[in-house]
Amino acid sequence: MSRESETRRTGEKQPRRRREKAPTEPCRRCGGLGYRTFPSDDLAAAAVCECISACALCNGEGHTTERDDGGYLWVRPCKCASVQQRVSRFNAVHLPARYADKNIEGYRHLGGNQNEIKYLLLNYRKNYAPGQRGMLLMGDPGTGKTHLLTALLAYLSLELGLSCRYIDFMSLLSKIKEGYNQGKSEAAIIGPLLGFQVLAVDELGKGRSTDWEVAVLDDLISRRYNTNSTTFFATNFGDDPTQLAGESGASYYQPRQATVQVTLEDRVGPRIYSRLHDMCDFHVVRGPDYRRRDLARTRKSR
Ligand SMILES: [Zn+2]
Ligand SMILES: [Zn+2]
């Protein structure tokens, strides 16, 4: 405003004025991202940073109005609106609270092929296109599969603005059972999961593998498959139980026994297993169990 009136007063254009301003430093609260993530009760939450909510372009309203030459008023989304939208996307993912601040860059590679897996995921997210083939991460507990899965969803929702959802298979089953008690059908619980552009199913193969559990999984997977939607999975079960427990950085701890005696195919059945191969690339994550390693370190330092 003052610049404009100054220009009018002097009648000169002042193109250099803007450049004289010191380059603006990225916001200290959010590092220039425009949002912050944090744990909130059981879930991870995101909020628009103060530097955006106080947007000077639109006074924080998320849109600006302009009058055209014909006198018509146009409402246009402000740049800050996309941050608000991406933040709501993240809040709809329902990531567990303890993964609120996880990113792929921060994935600790402690041994095995974890470094390779990290760069594989960084590459995947860089080249992601909607509807892209998913990924199935198999590996021993404590190799960071949930970290990778949640970090991928955080990026796809917060940076790319995609609608994503995280579920762990056991809590899906208990939600369906709860639903039965309230007179809701299984479809009422599974239905909403089909609309997400990206779905991640954690703890695949856990549970008792009853006929009912396998049928629920079959229904979910077939319907995701039929709509060509990207689905990720993580599982403690592998193709070869002896292979998973090997090469896992035994130097951090005593050599490990195979924690899994059955394969993923044993757990989910050949039909689902084959469908998973149609939808996903399978990757084995090999590495030491970070929880056991941290525990050993804590004991040592006492
Ligand atoms: Zn900020
Ligand atoms: Zn704005």
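**View 1. Helices α9 and α11 are roughly parallel to each other, because angles under 35 degrees count as roughly parallel.** In this predicted model, local features need pLDDT of at least 70 and side-chain atom pairs count only at pLDDT 80 or more, while totals for chains, interfaces and linings use all residues. Residues are numbered from 1 along each chain as its sequence is written, and chains are lettered from A and ligands numbered from 1 in the order in which they are written. Helix α9 spans residues 211–226 and helix α11 residues 264–279; their axes, 10 Å apart, meet at an angle of about 25° (axes are lines fitted to C-alpha atoms over the stretch in contact, and angles run from 0 to 180 degrees between N-to-C directions). Helices are DSSP runs (H or I, at least four residues), numbered from the N terminus.

**View 2. Residues from both helices form the contact.** Among them are Val214, Leu217 and Ile221 of α9 and Val268, Ile272 and Met279 of α11. Two residues are in contact if their C-beta atoms, placed from the backbone, lie within 7 Å.

**View 3. Gln261 lies in the loop between α10 (241–245) and α11.** Gln261 is exposed, with 10 other C-beta atoms within 10 Å (exposed means 12 or fewer, buried 20 or more, and partly exposed in between). From Gln261 to Gly238 the C-alpha distance is 9.4 Å, across 23 residues in sequence.

**View 4. Over residues 244–256 pLDDT stays under 50.** The pLDDT is the predictor's confidence in each residue, from 0 to 100. For this stretch the model has 34 contacts beyond four places in sequence. Where pLDDT is low, the predicted coordinates should not be read in detail.

Key. Helices (H or I, at least four residues) and strands (E, at least two) are DSSP runs, numbered from the N terminus. Angles under 35 degrees count as roughly parallel, over 145 as roughly antiparallel, 65 to 115 as roughly perpendicular and the rest as oblique.
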